[in-house]
Amino acid sequence: MEDLVVLQNPWWADPDAIYEDERVKKALSRKPRIGYRFEPANKVLIGPRQVGKTTYMKLSIANLIESGVSSRNILYFSCDLLRDYREMVSVVRSFLRSTKGPVYVFLDEVTFVEGWERSVKFLLDSPLASRMVLQVTGSTSAGLKRESFPGRDIKVEEFLPLDFKTVSLIFEPRLKNLKLPHELPKTGREFYENALELYPHLEVLSGALDFYLSSGGYPRSIYELLEGGITPETYEMIYNATILDVAKLGRSERIALSVVLGLLRRYGDRITLNSLAKELEIGSHVTVRDYLELFEGLFIGRNYFQVKLHDFVPMFRKERKFYFTDPLLIHTFKRLFGKGPETDRIIEGVVGEHLKRLYPTYFLSGSREVDFITPGFGVEVKWRNRVNPSDFPRVGIKEKILLSKDRLEFIEGKNLAIIPVPLFLFQLHSASSNLATVS
């Protein structure tokens, strides 16, 4: 084990060795460059594979060494080869005993280490914890709740594919200088006033949306598309990072693919567990429910439930919707099955994902359906050439936002903001993307 630790921390012998790390070299050589802000706080960073969590850790190590932290006081360890939490504790405890002063511990990909949460709790309760910053990454939130570490000084945060705004800044770096009147818009009017400032850039942002709908928010696919096209190897990587993780967790790859195919066929439609189970010839609706929950835990997609306006309590037994978390996942599955949703449905899912990262997000169903509803406003998506104010259902929602292809208008009498999709998405910059910077 000691040899493995030394092998993964070459900067102990030579601080400049961090710049020979392949991930660091690749990240620093790219233009525009994705960087990451490092906060010296205990964190569990949970997100899908291949979104940049390891690169974040390696760049953070480089920045710490540049800032004057002794390279000997920084531990990185990839936990893929560890069997259980005892080995995790042993690695960190040996490191702590060999150092003095403040230390930084980065434990990468703990998902499949049995009982890893126990090791985090043990380390945080250790007398040595007062001089340690501990950051841990994993690729599934299944079974993990924000209260998994009660009374302990640690945050659980999502580390997700880059959002539309961040990808837009890579696509066109000059967009970085845009200043909007409302940093955190809360009403339809505030979203509209921000959109007025963005409107001169509608053509560029529409191009960025087309790009994002192909690249998604995965750094590898983004840079490949900038250079000409996404490679088959990247789609295979995404498949391995999603469906094969289902198998690693003891579930059936065949059933997982069957559920994915069923979701592609009815993408954006209201579905019931029973109807999906019957259509896919899966024995029980409970099996379908379990796989949908697992997909959510692995950040493959999200369930959207119905609510009533007066109480906002999700109705779990009613029809639901399911959208994948990133456009690249859709293209990966589409290549596999030869079929997938139309662009308007993909955009609907993109809007839902961006809302979900910021707000409790549901949908309203009844005689007239509203695509998405948050505690502050409702959103109806109409990706077509002509939209009318009447396209937003009359259902008693005060703050109304109707998303269009290119129409921008505020209808005073209806308190309705009509906003082009890219101008709306650009304003939804989520906390899970706030670690990423573009330079």
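Predicted model: local features only at pLDDT ≥ 70, side-chain atom pairs only at ≥ 80, totals over all residues.
Trainee: What makes H15 largely enclosed by the rest of the structure?

Mentor: Count its buried residues: 11 of the 14 are buried, so H15 is largely enclosed. Among them are Ile346, Ile347, Val350, Val351 and Leu355, and also Glu348, Glu353, His354 and Lys356.

Trainee: Let's turn to another helix. How does the reach of H11 from its first C-alpha to its last compare with the span expected at 1.5 Å a residue?

Mentor: H11 has 13 residues and reaches 18 Å, close to the 18 Å expected.

Trainee: How many residues of H11 are buried?

Mentor: The count is 10 of 13, and H11 is mostly covered. The buried ones include Leu257, Ser258, Leu261, Gly262 and Leu264.

Trainee: Which elements do the buried residues of H11 pack against?

Mentor: They pack against helices H10 (232–248), H12 (273–280), H13 and H14 (327–337), and against strand S8 (315–324).

Trainee: At what angle do the axes of H11 and H13 cross?

Mentor: The axes of H11 (residues 253–265) and H13 (residues 285–297) come within 10 Å and cross at roughly 85°. Angles of 65 to 115 degrees count as roughly perpendicular, and that makes H11 roughly perpendicular to H13.

Trainee: Which residues meet where H11 and H13 are in contact?

Mentor: From H11 come Ile255, Ala256, Val259, Val260 and Leu263, and they meet Thr287, Tyr291, Leu292 and Phe295 of H13. The residues of this contact divide into eight nonpolar, one polar and no charged.

Trainee: What does a side-chain oxygen of serine 252 reach at the start of H11?

Mentor: That oxygen comes to within 3.3 Å of the backbone nitrogen of arginine 254. The cut-off for a polar contact is 3.5 Å.

Trainee: One last residue, then. Why does alanine 436 count as buried?

Mentor: Buried means under 20% relative accessible area. Alanine 436 has 8% relative accessibility, so it counts as buried. Alanine 436 is found in strand S15 (residues 436–438).

Trainee: Which residues does alanine 436 touch, not counting those up to four places away in sequence?

Mentor: Alanine 436 touches Ile34, Gly35, Tyr36, Arg37, Leu162 and Thr166. As for threonine 361, 75 residues apart from alanine 436 along the chain, the C-alpha atoms of the two are separated by 24 Å.

Key: Residues numbered from 1 in each chain as written. Heavy atoms only, no water. Axes fitted to C-alpha atoms, helices over the stretch in contact; angles between N-to-C directions. Helix = DSSP H or I, 4+ residues; strand = E, 2+ residues; numbered from the N terminus. Parallel < 35°, antiparallel > 145°, perpendicular 65-115°, else oblique. Contact = heavy atoms within 4.5 Å. Nonpolar A, V, L, I, M, F, W, Y, C, P; charged D, E, K, R; others polar. Expected span 1.5 Å × (residues − 1). Buried < 20%, exposed > 50% of the residue type's maximum accessible area, 1.4 Å probe, protein only. Polar contact = N/O pair within 3.5 Å; in protein donor to acceptor, adjacent residues only side chain to side chain.
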